[in-house]
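Visitor: I have a structure open and would like to learn how to read its features. Could you walk me through it?

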2 protein chains.
Amino acid sequence: MVEAPFFSPALRRPSHVFSFSDRSMTDSEIQAAIHDMGRRARAAAHELVKLSTAQKNTILLAMADEIEAQESHILTENAKDLERAAANGLSKAMIDRLTLDPKRLKAIAQAVREVAALPDPVGEVLEQRTRPNGLLITKKRVPIGVIGIIFESRPNVTTDAASLCFKTGNATLLRGGSEAIHSNVALAAALQAGGERAGLPADSVQLIPFTDRSSVEHMAKMDQYLDLIIPRGGKGLIEKVVSTARMPVIKHYDGVCHVYVNREADQTMAADIIINAKTQKPGVCNALETVLVDREIAATFYPVLGQRLAAAGVAIHADPEAQAQLGVPSEPATEQDWGTEWLDLILSTKTVAGPDEAITHINRYGSHHTDSIITRDRALAERFQHEVDSAVVLHNASTRFNDGGEFGFGAEIGISTDKLHARGPMGLAELCSYKYLIDGSGQVRQ
Amino acid sequence: MVEAPFFSPALRRPSHVFSFSDRSMTDSEIQAAIHDMGRRARAAAHELVKLSTAQKNTILLAMADEIEAQESHILTENAKDLERAAANGLSKAMIDRLTLDPKRLKAIAQAVREVAALPDPVGEVLEQRTRPNGLLITKKRVPIGVIGIIFESRPNVTTDAASLCFKTGNATLLRGGSEAIHSNVALAAALQAGGERAGLPADSVQLIPFTDRSSVEHMAKMDQYLDLIIPRGGKGLIEKVVSTARMPVIKHYDGVCHVYVNREADQTMAADIIINAKTQKPGVCNALETVLVDREIAATFYPVLGQRLAAAGVAIHADPEAQAQLGVPSEPATEQDWGTEWLDLILSTKTVAGPDEAITHINRYGSHHTDSIITRDRALAERFQHEVDSAVVLHNASTRFNDGGEFGFGAEIGISTDKLHARGPMGLAELCSYKYLIDGSGQVRQ
């Protein structure tokens with residue numbers, strides 16, 4: 001027997017206001033309930049493909065309105081999560097991430113309206129060709145089907161993920177963490193209820209009310225109902241999904257991002273980019289973690305860099321050559337540091353013989369996320385971009401630009417560290433699949 | 001202790017002629033050996049990105065020449081497999097699939113030359129945009145990296161898969177079945193040896209010499225070295241890989257393909273297409289398995305269809321309405337028949353009320369592979385193509401056209417039943433990933 005926070009047939013009609021009550025269910029009952037939700041999500045997906053862009057946008061606006069209309073209910077539910085968080089002694093930062101208020105709720109609704117305003121990638125003709133036998137082959141962008149989102153803490157992921165998936169014609173099965181369960185259920189219910197009044201098929205947006213670990217496992221195994229799982233959270237969560245899932249998983253792993261300062265660099269530009277990439281928002285995956293500096297310019301560049309980093313309050317883990325030249329205090333870098341995502345005002349720095357060593361180091365210790373070269377040598381920059389095996393490789397720009405918004409995608413569901421299907425910023429187009437339509441006049445194969 | 005057919009340090013230099021000897025190794029020794037091959041494949045992949053299209057094509061031609069040059073060695077090794085096959089009592093059909101002879105080997109070499117002649121998708125610019133801040137973002141097609149191919153019986157998969165993966169700049173780790181192990185090793189060694197003389201990086205094409213089941217598991221778990229696994233074989237093999245793999249798997253599952261004969265069909269065309277789709281090559285995944293017929297035309301169409309099927313030697317599993325009208329003997333169809341891939345001269349047939357029932361039936365019982373509607377009603381055909389959730393949906397054409405060659409892809413590594421990354425025929429472009437190159441002039445994020 002495992003504890004489920006609540007389960008009620010009312011979940012089948014999420015437009016109802018839930019009355020939550022803790023009940024215990026057996027694991028096989030939980031599994032059956034999750035399978036039933038999957039089956040209904042699949043049915044919803046078949047209905048969703050019939051909606052036009054205009055219908056989908058109308059539904060998104062109705063969802064946003066409903067979030068605002070249900071403000072008091074959602075905040076009441078959120079208060080339950082906050083109460084439990086306080087009782088469980090969660091950190092102030094964690095509690096802040098959980099907290100909703102009228103202003104934040106308005107921003108959540110506004111984000112859904114912004115998704116309505118984005119262009120719809122579904123139906124786009126990607127390729128078309130007529131074969132010698134007269135067959136017309138059209139490759140068209142279509143929804144993926146049913147997408148599972150497994151996420152932690154922040155309740156706004158519920159609405160962000162569901163609205164992006166819905167905009168692209170996908171049904172969603174959401175499974176959030178226990179910290180935000182009441183908020184998540186209330187938000188998902190508002191999306192479904194508001195949407196349904198505007199024509200949203202039943203069960204298009206469902207939130208799984210079980211927050212124990214086995215529910216992740218049940219989701220990850222039901223590849224008959226889920227076409228894709230996107231885990232949004234820490235490495236532990238992603239690992240758990242990857243090791244269990246039978247369906248494709250798009251992963252948003254760590255970013256161990258590099259800036260390589262080549263001997264032909266504009267050194268002022270290099271320092272500006274390093275400071276920006278490290279300090280503008282240190283806690284995100286496209287923030288800088290390791291600087292590589294050509295030995296030839298170490299004597300001139302390190303003292304400048306040391307001053308700038310010290311002024312910005314950045315602690316330095318450096319190799320012996322860098323330590324000798326930075327002119328500010330630093331710790332000796334360990335082997336482990338080269339693979340560390342600091343997510344903090346800490347930077348690793350290493351001296352290299354030249355581009356070959358830099359590229360080899362990045363491909364070995366990096367996470368294939370985002371890396372940048374600073375140089376005036378255009379041919380070298382091209383070689384670096386070609387040989388560094390990362391999703392985004394920049395020349396003379398900050399690593400912080402690996403971002404759906406900065407790419408002009410309008411919205412992103414994350415930054416993929418995978419190489420299949422989606423790599424780098426994952427926007428609406430990456431939430432789609434494609435199919436081939438073939439039009440003939442009786443052709444048979446010889 | 002598990003039995004390995006052979007293992008020798010000579011594998012590191014596959015250009016040597018192997019002397020096979022059965023040795024027993026512990027499972028952890030096998031695991032270590034497979035990991036070592038993976039690590040070397042990853043290193044090879046970093047070298048492969050440096051090759052130009054011309055270099056790759058020269059290498060492919062050298063590989064083809066080497067296959068012909070090593071004819072007697074390869075046929076000697078093949079004879080060992082055939083001997084064991086006979087001793088193990090394999091069927092005549094199985095033995096035929098295993099058999100190589102000078103003519104077949106020439107065809108294998110020729111297939112490699114044809115891959116050299118295909119256009120190279122690597123380096124293609126897929127999108128390019130300049131952002132308001134001046135950043136130039138280029139989305140470019142690049143190799144995936146290291147691809148694992150797990151396959152059964154036919155030795156030509158070794159050369160087909162390796163040459164397609166190499167053309168797209170990927171390193172391959174091949175793991176074939178025990179029936180063809182000597183042939184597979186000889187072929188992979190010829191590819192690597194011939195290629196190396198023309199500049200192929202070491203370890204670009206490696207064949208795993210272990211054929212026990214645990215070797216599949218070791219491969220499927222080493223996501224640090226393998227970016228993708230493509231299993232080519234029966235459902236059991238694919239299931240095994242799917243349930244173990246930590247990296248993306250592109251699956252080539254069954255094709256339970258349908259032809260839906262709408263009341264507005266040209267009935268002669270419908271019968272021609274059904275006969276072609278069912279009988280032209282019944283043992284393949286894009287062959288027809290189930291026919292759906294509108295009730296309104298059942299009385300006129302079934303008798304014609306019955307005659308044509310009987311004349312073609314096709315056994316029929318039919319619903320009661322069809323049984324009553326076909327005018328030829330048939331068996332009653334069971335619920336299980338609707339989901340069965342016959343791969344033989346057997347056809348299921350069902351009477352439906354109209355397009356809604358046909359679409360629902362296909363989405364429920366089909367395998368999302370290939371389905372066709374026969375109708376003169378263009379609007380209905382569009383609706384069918386839109387709502388049937390399959391990789392390829394045809395109008396007035398045979399299901400047999402879901403094929404890379406028929407699409408003009410030049411070659412295919414299989415027909416994907418997945419919705420992520422590759423759906424339908426998987427050609428060279430689908431053996432590629434992409435990356436973003438960003439060119440700036442010192443941009444930092446505000």
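Visitor: In which sense do strand β9 and strand β14 of chain A pair, and over how many bridges?

Guide: First, some ground rules: this is a predicted model, in which local features need pLDDT of at least 70, side-chain atom pairs count only at pLDDT 80 or more, and totals for chains, interfaces and linings use all residues. Residues are numbered from 1 along each chain as its sequence is written, chains are lettered from A and ligands numbered from 1 in the order in which they are written, and side-chain values use heavy atoms, with hydrogens and water left out.

Guide: Now the general idea: strands of a sheet pair through backbone hydrogen bonds, either parallel or antiparallel. Here, strand β9 (residues 257-261) and strand β14 (residues 370-374) of chain A pair in the parallel sense over four bridges. Within that pair, A:H258 stands opposite A:D371. Two strands pair if DSSP finds at least two bridges between them; strands (E, at least two residues) and helices (H or I, at least four) are DSSP runs, numbered from the N terminus.

Visitor: In what order do the strands form the open sheet that starts with β12(A)?

Guide: Ten strands line up as β12(A)-β11(A)-β13(A)-β10(A)-β9(A)-β14(A)-β15(A)-β18(B)-β4(B)-β3(B), with mixed pairing. At the edges stand β12 of chain A and β3 (125-130) of chain B, each with a single partner strand, so one side of each has no neighbour in the sheet.

Visitor: Which strands does β11(A) join, and how does the chain cross to β12(A)?

Guide: Four bridges join β11 (residues 315-318) to β13 (residues 346-352) in chain A, and the two run parallel; A:H317 stands opposite A:S348 there. Two bridges link β11(A) with β12 (residues 331-332) of chain A, again running parallel, and A:A318 stands opposite A:P332. From β11(A) the chain passes through helix α12 (residues 320-325) to β12(A), a right-handed β-α-β crossover (with the strands pointing away from the viewer, the path from the first strand over the helix to the second runs clockwise).

Visitor: How do I read two packed helices, for example α2 and α5 of chain B?

Guide: Two packed helices are described by the angle between their axes and the distance between the axes. Helices α2 (residues 53-69) and α5 (residues 102-117) of chain B pack at an angle of about 175°, with their axes 8 Å apart. Axes are lines fitted to C-alpha atoms, for helices over the stretch in contact, and angles run from 0 to 180 degrees between N-to-C directions. α2(B) and α5(B) are therefore roughly antiparallel (an angle over 145 degrees). Residues in this contact (heavy atoms within 4.5 Å) include B:L60 and B:A64 of α2(B) and B:I108 and B:V112 of α5(B).

Visitor: How are the two chains related?

Guide: A rotation of 180° with 0.0 Å of shift along its axis superposes chain B on chain A, with RMSD 0.0 Å. The superposition is by least squares on the C-alpha atoms of residues with pLDDT of at least 70 in both copies. The copies are thus related as by a two-fold rotation axis. In chain B, the C-alpha nearest the axis belongs to B:H421, 2.0 Å from it.

Visitor: Why do the copies meet through the same surface?

Guide: Because 100% of the interface residues of chain B are also interface residues in chain A.

Note on methods. Parallel < 35°, antiparallel > 145°, perpendicular 65-115°, else oblique.
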